[in-house]
Amino acid sequence: MTVGLPLFLAISAILFSIGLVGVLLRRSPLTILLSLEVMLNSVNLTLVAFSREVGGSDGQIFALIVMGIAAAEVVVGLGLVVAMTRREMVLDTDELRTLNG
Amino acid sequence: MDIVVFFIASGLAIASAVAVVAQKNPFVSALALLGNLVSLAVLLLLLSAQFVAAAQIIVYAGAIMVMFLFVIAYVGPRSEIGAGERKPWQVWLAVLASALIAIEVIVVVFGATFGDWADLDGDYGTPAAIGKALMTDYLLAFEVVSVILFMAAVAGVVFGAGGRPRRLSDDEVQAKEAESAEQRRREASRAVLDATRDSMGEGA
Amino acid sequence: MTQLVWITLALPLIGVVLLSILGMKLPAKGAGWLASLIMLAAFLCAAVATIMLASRPEGDRQVVEVAWVWLTAGDFSVGLDLWFDELTAVMLLVITGIGFLIHVYSIGYMKDDPQSRRFMAYLNLFVFSMLVLVVSANLVLLLVGWGLVGLSSYLLIGFWHNKPKAIKAAKKAFIMNAIGDVGLALGIFLLFVDLGTVTYSGIFAGASELSETQASIACLLLLVGAVAKSAQLPLHTWLPDAMEGPTPISALIHAATMVTAGVYLIARMNPLFVHAPLVLDLIVIIGVVGLLMSGLIAIVQTDIKRIIAFSTMSQIAYMFVGVGLMAYWTGIFHLFTHAFFKALLFLGAGLVIHALHGEQDIRNMGGLRKQLPKVYFCMMIGALALSGIFPFSGGFSKDAILASGLHVDSPIGWIAYIGGLLGALLTGIYTFRLMFMVFHRRPSPYAEKVIPASVAHHGEGPSSMLWPVYILAVGAAVTGFLQIPGVTHLAFSWLDPIAPDGMVEATVGQDWLTTLFGTLIGLIGIAIAYHLYARESDAPERIRLGRGRLFQHALERRLYWDDLYSWAFERPAMWASAFLSRDIDRTAFRWAPLDGLGQLTAFFGRSFTVIENGIVRMYALVLALGIGALILFLLVRGG
Amino acid sequence: MITVSWLIAVPAVAAVLLLLLPFGRQAAGYLALLVSLAVAGGVIGFIYRFEPLGGDQFGDNIAWIESLGVRWHVGVNGVSLAMISITALITACAIGYGMWAGRDRSHASFALILLTEAFLIMVFSARDLVVFYVGFEGMLIPLLVLLAAWGGAGRKAAVVQVIAYTALGTLLMLLAIAYLGFTAPGGPNFSMADAVGRGNDWVFAAFALALVIKSPLFPFHGWVLPAYRESSPEVAAVLSGVASKAGGFAFLAVLVPLFPAQAATYAWVFIALGTIGFLYGAFLAFRQSDGRSVIAYSSIAQMSFIILGVFLLDSRGATGATFQMVNHALVSAALFLLAGWLETQAGSGSFKHLGGLARSRPVLATVALILGMAALAVPGSSVFASEFLIMLGAFEHSWWLGSIVAIGIVFAAMYMLRWISAVLHEREGDLVGSLNPPDLRRGALLCLLPLVLCLIGLSIAPAQFTDRVDAAATALVSSAAKEAGR
């Protein structure tokens, strides 16, 4: 095997930062959720890669659990999007600024 | 061999990830994410994580993405939000932050020394091994995740279906109708105006 | 004996408590009689105590008794100490005796006033305070009495509290006296620091150990208190204004008793003042200047009570001269006779005012001799005594003071002598100006209109007002006989023991010589007054508008003392206080800190609204930047 | 055996009960009054059993937060006893006044006053720095709520003022206490006795600044005027009567004994500030246009004077300061109740609308006159006795200091006489006719009377007080006095 661990980690970091750009710059909640999935997946890759490096199954289990949580998060997130749609709200996160001080 | 597969898969993964982020149409984004997931699954296979790779395809691509697509379809065209008014410094800062993190990680990763890949047991990454671990050592975590998933499902139902659309009062309905009628009229006249102008432009 | 003194002290206090508690339940007249009877009892106790004191051998007439410790802190302690000796006895008799007469007088004077019970309670309070002042055996308790008489004086001057002028006068008196209190208190502090004690016996014993500077400063500070209380230069301006109070008050507090407290203090502290000869000289000078100045001012005043008030200032100035010459007994002797004739004059003036329905301007009087013969007669005795005409009481006491000046035979003595004789001339003029303008001359239109009806209605006055006047007239006539040069010697021999370092007594020859001069000069003064004021004449008006008109104006403005204080202290202080509270305090201390804090908060708030804008992805951006920075930090640090 | 912990616990528990249980107005009032009277009764027992030379008495010392070395250590010496006595008295009077006046949500207001009392007694009896700190800062909370919820029109600004000032002080004091506690040899230890002399100049400065603000001492007096003027009368009475005394007390009983060297070195700062504040407050008081402002400025002056007395670092100054704290507490609490009564009855406290009240209102006139005369320290009053002691101490310190301070007597006479005549005398104000009832009647009078009687009692026999306090007060400043070479 010639592909080393650093390459996997680097790919993971690049994917992560691409997802991060999406989260930071997009305003549609749907796209943000999608970007978030990219980030989560990149982390999964890291987890599995380390798991392979160590030779145990812990990392893989961790990745599976992340998937489960991601599924839950998507359910809630999409539920919110649907709720917003039903209330005829604009699907723009910048419009939701009740947090401002 | 491996290295070729790795570069192809990772190139596809990065390209599709960029597409996810950059595409204006969420439908396209979702499809790009699908590609991203598949590429990642290939990478996972390279890491001998067969079960995770399979789960990635089945669960993510099969279940989650479908849900995404349903919602995108339900929401329809209003899900498209363009770049809008975004200040350039925000873009630059976001890119800077992301790039900073990526570069830092890469620097760290290539600066550190790792051992070689571990020697693997025969059943490494097989469903049997994972299932055994899940049902013994990680039972609690497994159960917690299942509870969370269940609660998320309930929450999704409540959010998505429980909230009743805001009912408009009669006055508001009338106002809205009048407004939309007015708008229609204005659009119609503008269309006529445009058409006239176009024809005149052509004429000139 | 001391029990009797304690009872004397306690009786008026009981009166205050009774009158305050019973209050409206008592009929007005009953309250007056209750207070008067209490005073009579106090007078009797004091008299008996005095007789008992007199019956003791001469060197053993000084009794000190400690009732209880009032205040302690470390090695400092003040007791409720009683000091009873010849001087105290004299003061007790004057206070309770004159006090009793004036209580009785007040019953009649205040009978139409719905607040007369309060008046009686205040009067009793005053007598109590004055008694505390004179029986105290230490300076702190004296200061307590000192302050309490100031308080009662304030209450009584401002008794008619709906009269703004009265309230203003009361406040002025209190504040002037507070300045004196400060001086006195500082003197006490100094004595305590130097001698470690505040009791008379301790101070007298330690006085000789003080350096002359120490003693002088202490005496000077005590003198500030004395000057303020006795309305002497330069803290005298409150006394004329104090005449806004009811007339009995003017008689009791602002003539007979309280204002003489300064003289009492100096006489009491004579073992200390002996060690400060410069201060004694200063006292004489203050006295001489004061008696001439107030005599001059009295000549141009038109308010009957103010004339008498300035005359009081002038007479107390004589007493200051007496004690300043170390002839303490003459000062106290004059205090004693003055109490009679001055109270007499005030009460007589009160009867006149009463008959004229509150009119106090002598230009609106005149010719009252016929309608008020008894009052006229009594006041004439008082006026003669005041002018120092032999053989009335004032003549003996005043001439004793002047003769001491002659006896001392120093520059200061001569200043006192000449100044005092000049003062006698002024006294004759202003006293008989008053008498002639009020009782002789042609009646003014106002008097003609009011008097007949008034006299027909209630005669010269109710008997409760007349009898005290008669008694005082007798006193004013005869008290001088206590000390007829070469014949009786009671005043000197009785008071001699209070001055362990001895005191000045003129020879019989000097005495008679002074009496001769004094009487002659007094008579000249009366003659001038007769010439100018007894008949209708344009002489006063000519003087008024003639060459001396600037001087006249100055005198009418009381030599500008009030204006000086107003411009030098009152107005700047008022302005500064208003300025400080309106401009400085509000901006610098109340708003600036808060405003500064507000500005700071607002600045930070504005700075952070750029990122704290409610857009979640901006928060995420900050988070990401933070993570990036953190990792960068760890990388650079090489962790 | 009743200890001082009981006096803290009883009102605190009663406060919690009052807050939680749905009491009616009458029931809440009577319960609160009963509790405050019970505390007063306990204090009377203390006074009766107190040994002037016995050091700390009626105390407890048990572990509280063991891991931090914090102990519930309380005790009562002469100075503490004096302060606890006035706390109990004034709280009872304030609650009585609150009952008479009738407040909305009365059970909450009474509960908060009782809570304040508990915290105050905690401050006055604390022998552990954390206990002290909890009490010192804790009392602000109920007082601020009382001000914010039951105050006058300008209460919002007043609350902001108070918080802005005191928050700074709080923080500094916490730092100082933490420093002292955690640098103790042998693990964290907050006992006051063990902290003596361990602080450095900075800790001293932080601690002192907190107290300066709370007292308040010139130039940190900005919060006082709005706080006193906007509070309801009974809260103003507690605030000026006792809460501000916590600052003065802490100077005498905590700061000076804990930092003897620094107290001796920097005594001149406090003497200077005290002198300035005394004259400044008094000077400003006589141009204020309403009664409460006059009393507020006079309170500033008096607190400055008290702190001046503390930093004379001798027996006269310390005893006089303690005595003056008690006297001023009585006077200012009574004056605030009286001025507040007038203001609420007449609808305005401005001198423009008042005046001539002495006419046919004998009770009001008498009470106002007695209080006014006490406030201006007429000789023979207990205030005179305490001022005399402090001034004598100042004079012994240096003659010029005594002379400057003595001018304050004249200022005090000026502003108090102005207050008296503006309220009682001269022409009748336009709002006077609307007074109902026209004179002080039973309810309000009963709340004032104990304070007035105490003043009269102390005037007759001040030695009864100074005898009990002198030993403790002198002991508190003795080590600093030694440092100062006196």
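Me: What makes chain B and chain D a pair that do not touch?

Reply: In this predicted model, where local features need pLDDT of at least 70, side-chain atom pairs count only at pLDDT 80 or more, and totals for chains, interfaces and linings use all residues, the nearest C-alpha atoms of chain B and chain D are 35 Å apart. Residues are in contact if their C-beta atoms, placed from the backbone, lie within 7 Å, and by that criterion chain B and chain D do not touch. Residues are numbered from 1 along each chain as its sequence is written, while chains are lettered from A and ligands numbered from 1 in the order in which they are written.

Me: How do you know that strands β1 and β2 of chain C pair?

Reply: Pairing requires at least two bridges found by DSSP, and β1(C) (residues 63–73) and β2(C) (residues 76–84) share 8 bridges in the antiparallel sense, so the two strands pair.

Me: Why is helix α16 of chain C called roughly parallel to helix α20 of chain C?

Reply: The axes of α16(C) (residues 373–386) and α20(C) (residues 463–478) come within 9 Å and cross at roughly 30 degrees; because angles under 35 degrees count as roughly parallel, α16(C) is roughly parallel to α20(C). Residues making the contact include C:Cys378 and C:Ile381 of α16(C) and C:Val469 and C:Ala473 of α20(C).

How values were computed:
Contact = placed C-beta atoms within 7 Å. Helix = DSSP H or I, 4+ residues; strand = E, 2+ residues; numbered from the N terminus. Axes fitted to C-alpha atoms, helices over the stretch in contact; angles between N-to-C directions. Parallel < 35°, antiparallel > 145°, perpendicular 65-115°, else oblique.
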